[in-house]
Amino acid sequence: MDSDGTQDARGTHANPVPRPAMPQDAPAMPREAPPVPPRPARAPGVPPLPDGSAFLSWLRAPRPEAAPGVWRFGHRPRPEEEPEQIPARQLMSGALIAFLVGWLVWSLLWNGYLGGWWVLPLQLLLPDAWLHSGDRVGNAFLWYGYYTLIACAIMLAVGRLGRWGEVWRRYGPPAWRRAVPTTEKPPAPEEDPAQWPHLRAAGAADAADRLAAEARSGLMRDVDHARIARAWQGVRSGRHSLAAFTAAVVKDGAAACLHPSGERDLPGRLARHDLVTGQVRLGTTADDPRNPYQYRATGLALGPDLLGTSLLAIGPAGSGKTGGVVRPLAESLCLHALAGRASVVVVGAAGAGLGAADAYDVVVRIGHPESVYDLDLYGGTTDPDEAAAILAEALVGDLTDPHPGSDSRRSTTVLAQLLGPFRQVHGRFPSVPELRQLLEGAPGPLHALRTALEDGGQESLLRELDARERQMRHPGDVGAVLADRIALLDRPAFAGFFDTSGQSQPFSLKALDHPVRVRIDLPERGHADASRILARLVLAQFTASVAVREDRSLFACLLLDDATGAVTPEAVRGIQRLRSANAGAVLTLRTLDDVPRPLRGPLLGAAGCRMALSGLTPWDGQDFAEVWGKEWTETRDVTDRQIIAETPAGKAVHVLRRVITGKAPTARAVTVRQVERERWSASELAHGVPPGHAVLSLTTVQGEHAPPLLVDLRG
């Protein structure tokens with residue numbers, strides 16, 4: 001302390017500020033407690049709750065009814081026929097000249113160059129006392145009112161001639177209002193989908209309140225909405241009770257009625273989806289004269305209503321089949337599966353980019369040692385005849401006579417003669433090595449099988465085995481071909497697959513009764529023939545399984561990326577039967593040359609949706625041109641003959657016409673004819689489709705058609 005009663009605050013800065021010293025006997029000042037910070041709204045590290053405005057805007061967006069394939073989310077319908085629109089230069093010059101003509105007529109009338117005949121109606125209709133009264137104000141009101149009436153009549157006449165109304169609609173405030181987006185008012189509670197009015201009408205008000213609160217708070221997603229709507233359909237159909245549905249929704253909210261996997265969304269999305277309409281957007285219909293006017297510049301989308309008729313996409317490598325078609329469709333169907341609406345099986349080469357493994361419930365990686373799941377070679381059936389038919393289609397379906405009426409009955413009979421006795425003895429079907437030995441006629445397995453059948457007294461099965469042994473001794477036996485084909489699957493790379501002893505987890509397409517997401521990776525490298533056999537196997541199992549499902553309200557779809565070698569007569573017949581089973585298939589091919597010539601027409605006819613991508617060959621384009629047929633179009637033959645003016649007045653008129661129209665004065669002769677032309681010719685499909693585009697025709701399961709459309713798959 002200094003002698004003057006102050007002390008320094010040392011160590012604080014360069015020049016300490018003196019502070020008064022406390023007296024020695026002064027009591028200690030009580031220290032104030034620091035203020036308590038407010039309680040945080042959430043735990044540290046937890047992000048804030050999302051806002052539900054984006055979800056509500058999505059849910060309340062208009063989705064008007066539209067033609068097949070139109071992206072309905074926010075769609076603005078267009079007229080079916082293109083309105084005739086006058087060019088802007090011609091419209092504005094015509095409006096200006098009409099105004100000048102009206103001004104000229106009024107000036108001539110006002111200055112008396114045309115006489116006074118135009119005031120005769122007023123003089124004839126009104127008494128002289130009114131016309132020549134001494135009231136200056138009244139006379140002015142009367143005469144100027146009549147002048148105004150005549151001026152308005154002239155403006156109305158020249159306005160109609162000059163199309164002033166179209167100028168107003170195209171460049172006036174009506175066009176400004178269309179350009180400025182308007183905010184729509186929220187719908188009434190009884191019409192608001194976010195309030196779940198159909199649940200309230202059925203007496204589930206508590207569930208509706210819980211769901212509405214979840215939507216407002218941002219805890220509901222589009223998959224949740226679709227899944228709960230699907231569960232409500234089950235309540236209305238009688239599969240579930242209203243009490244159980246209400247209890248689950250009140251308890252879990254938007255997480256009620258979960259998919260068996262527990263997932264509520266995919267790990268990532270690449271395409272735009274609308275689960276209210278069930279559509280996925282693939283691109284934009286080009287603003288091209290070859291497209292119908294109502295489709296131009298609209299979004300192009302597919303859904304189960306179109307996939308139920310099956311889709312065939314043809315295009316060379318790199319044209320966008322996998323990335324622009326198969327991947328978005330697989331993503332959409334996986335979302336439908338999470339919502340309980342569909343089951344999907346995606347088949348393609350390993351590493352083809354068909355989606356992450358986390359987006360699927362089952363991933364069968366044939367030939368990969370780390371694959372968790374195996375593929376059931378016999379499709380989960382216990383009937384030897386059914387298993388033989390499916391396996392025969394997979395092994396030698398491509399060797400069958402390619403005409404549509406042929407089949408593989410001989411191969412089916414050979415396999416049934418072996419599968420039936422083997423299952424009776426061992427209680428299971430043979431594995432691939434065991435089946436190969438039986439088909440090759442190895443004496444050891446056949447003798448053991450015969451001995452077991454004799455001990456069991458199976459006379460009918462012994463006759464089957466005897467018939468098989470007799471056929472082996474004949475030349476041209478089908479068993480040798482089957483043995484050669486099954487040998488392609490009896491390779492070291494597939495040693496741990498197609499197990500029938502119960503030691504693995506085989507996946508069977510009988511599981512399509514449930515909303516399952518499956519991806520099957522085929523061993524493309526080094527095993528191309530085996531991959532084709534497996535592709536035919538999956539296609540045959542799919543067409544056989546969906547036809548015997550108990551619950552057909554679940555849409556089932558098979559996506560086969562690169563169906564080379566998989567198109568057989570039986571496959572075409574199976575695709576034709578899918579529509580009635582609420583199922584569909586999506587097949588992609590590099591060229592139609594991969595399909596036998598007699599099957600190309602039936603294949604294009606079996607698929608309701610056909611897509612020709614850019615880079616198509618002319619001979620492939622010819623097949624599409626034939627299946628899309630012809631249409632009547634109106635053609636105009638125009639002949640222009642230039643008019644030569646001989647007088648100065650005529651030349652002045654011609655100059656005026658050139659200024660207005662921008663063209664030389666001509667006399668035009670127009671001939672209109674109705675001709676029948678191909679919708680898309682083979683040359684146009686081969687050379688007129690830009691890169692990244694495709695020509696797509698659509699058919700819904702209700703039978704509605706859309707003509708071939710030029711679509712930009714990159715939009």
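The model is predicted, so I kept to its limits: local features need pLDDT of at least 70, side-chain atom pairs count only at pLDDT 80 or more, and totals for chains, interfaces and linings use all residues. Residues are numbered from 1 along each chain as its sequence is written, and side-chain values use heavy atoms, with hydrogens and water left out.

**Entry on β18.** Strands here, like helices, are DSSP runs numbered from the N terminus (strands: E, at least two residues; helices: H or I, at least four). I noted that β18 covers residues 705-712 and that six of its eight residues are buried. Buried means under 20% relative accessible area, exposed over 50%, and partly exposed in between, with a 1.4 Å probe and protein chains only.

Next I checked its partners; two strands pair if DSSP finds at least two bridges between them. Strand β4 (residues 279-285) runs antiparallel to β18 and is joined to it by two bridges. Strand β17 (residues 693-699) also pairs with β18 in the antiparallel sense, over six bridges. Here Val-695 stands opposite Leu-710. I saw that β17 and β18 form a hairpin with five residues between them. In that turn, Gly-703 has a positive phi of about 100°.

Which residue of β11 stands opposite Val-344? I found Arg-517 there, while in β12 the residue opposite Val-344 is Cys-557. β7 pairs in the parallel sense with β11 (residues 517-522) over six bridges, and with β12 (residues 555-560) in the parallel sense over six bridges. Seven of the eight residues of β7 (residues 342-349) are buried, so the strand is largely enclosed by the rest of the structure.
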